[in-house]
Amino acid sequence: MSLYRTELRRLAKRRFTRWMSLLGLLVLAAVVVGIFASNEKIDAAALAKAERAAEQQWQRDVQQNAQYRAECDKAKAAGTSQDGGFPEDCSVIQPPPREAIQADWFLPSTFDFRKNFGFALLPLAAILALVGFVVGASFVGAEWNTGGMMNLLLWRPKRLTVLLTKLAALLTGLVALAVPTTVLWFGSFWLVATFRGSTEKMTSGVWQSFALTGLRGLVLALFAATIGFALASLGRHTAMALGGAIGVMVVGQFGLAILLQMAGVRFAEAWLLPTYALAWLDKKVTLEDWDACQATYFGDCKPDTMDITWQQSSVMMAVGFTVILGAALWTMRRRDIS
């Protein structure tokens, strides 16, 4: 009997795998429903309504401006203009020009596929990564906790082969979940844009960019699943992976962020793991340091910047993957299994 097929079957039949996958899908479905409900399609009626709202807002501004100028004139005549904080010359109080009040300000939220779908890929990648991490940790952690790993090694004494086969089955199952989910995600938001927004200006280059972002999201999910699997194997328990993740995020990340801010470290976000995950998905994250203001010729204040690129993120992911999985394989080979 093939060990790989056996592990695939065991992964698919585990209730925790099914419930965790279903929970992830329900969260993603809730995101789609929420975005569909919170957006509207901009038609002629919506544009006309926005124009009327802009006109009404301008009329209110004109009325308020006229009232304020009348108060200024009255205070100046009484000699109390300084007490009221009015300008010396009341004629400078003028209503805004009509074109200053734009109708676009009053349009309802609408989903432009070209502009907005890139942001919608972030929750997809995050949910897939979370599901992969937790399922991966539980998949091997339960084997150690119940003694199933020891029984399996009596049948297949090649330790590394067994562990890597389990990992291969886990990653295959995650790909089988992630690929159709990603396709449905694209299709769902295309329908949202069709009925609640716009699908205009979609070119082959834009589709390619979205596809590459989705592919990077899949790689991130596979990376998270591998890390969860390796940590649980190191600790021989699911809690090792989950506890380690909570410790890194709560103590290592939040605590480190507070410490760096208190120390006044420039570009403190460059020391935090979520920055690199976001850079991996978005290709680049630009950090800003407003404390180092650089004045331009026009008197503007421009902060110092630092770019975190997806290439830098890929190096960190490769190092983390190699170190953690390598440690799990080394301990699997060296430890006393009993």
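Tutor: Ala, Val, Leu, Ile, Met, Phe, Trp, Tyr, Cys and Pro count as nonpolar, Asp, Glu, Lys and Arg as charged, and the others, Gly among them, as polar. The model is predicted, with local features needing pLDDT of at least 70 and side-chain atom pairs pLDDT 80 or more, while totals for chains, interfaces and linings use all residues. Numbering runs from 1 along each chain as its sequence is written, and side-chain values use heavy atoms, without hydrogens and water.

Student: How do the residues lining the second largest pocket divide into nonpolar, polar and charged?

Tutor: A pocket is an open set of points on a 1 Å grid over the protein atoms alone where a 1.4 Å probe fits, with protein on both sides within 12 Å along at least five of seven lines; lining residues have an atom within 4 Å of a point. Here the lining includes I42, F111, T110, N116, K41 and E200. The division is two nonpolar, four polar and six charged.

Student: Which element supplies the largest share of that lining?

Tutor: β1 (111–112), α4 (113–146) and β2 (197–198) each give at least two residues to the second largest pocket. The largest share is three residues, and its source is α4.

Student: Which residue does the disulfide join to C72?

Tutor: The whole structure holds one disulfide (a pair of cysteine sulfur atoms within 2.5 Å). Its S to S distance is 2.0 Å, and the link is left-handed, with -80 degrees about the S-S bond. C72 lies in helix α3 (residues 44–78), and its partner, 18 residues apart, sits in the loop between α3 and β1. That partner is C90.

Student: Are C72 and C90 buried or exposed?

Tutor: Buried means under 20% relative accessible area and exposed over 50%, with a 1.4 Å probe and protein chains only. By that cut-off, C72 and C90 are both buried.

Key
Helices (H or I, at least four residues) and strands (E, at least two) are DSSP runs, numbered from the N terminus.
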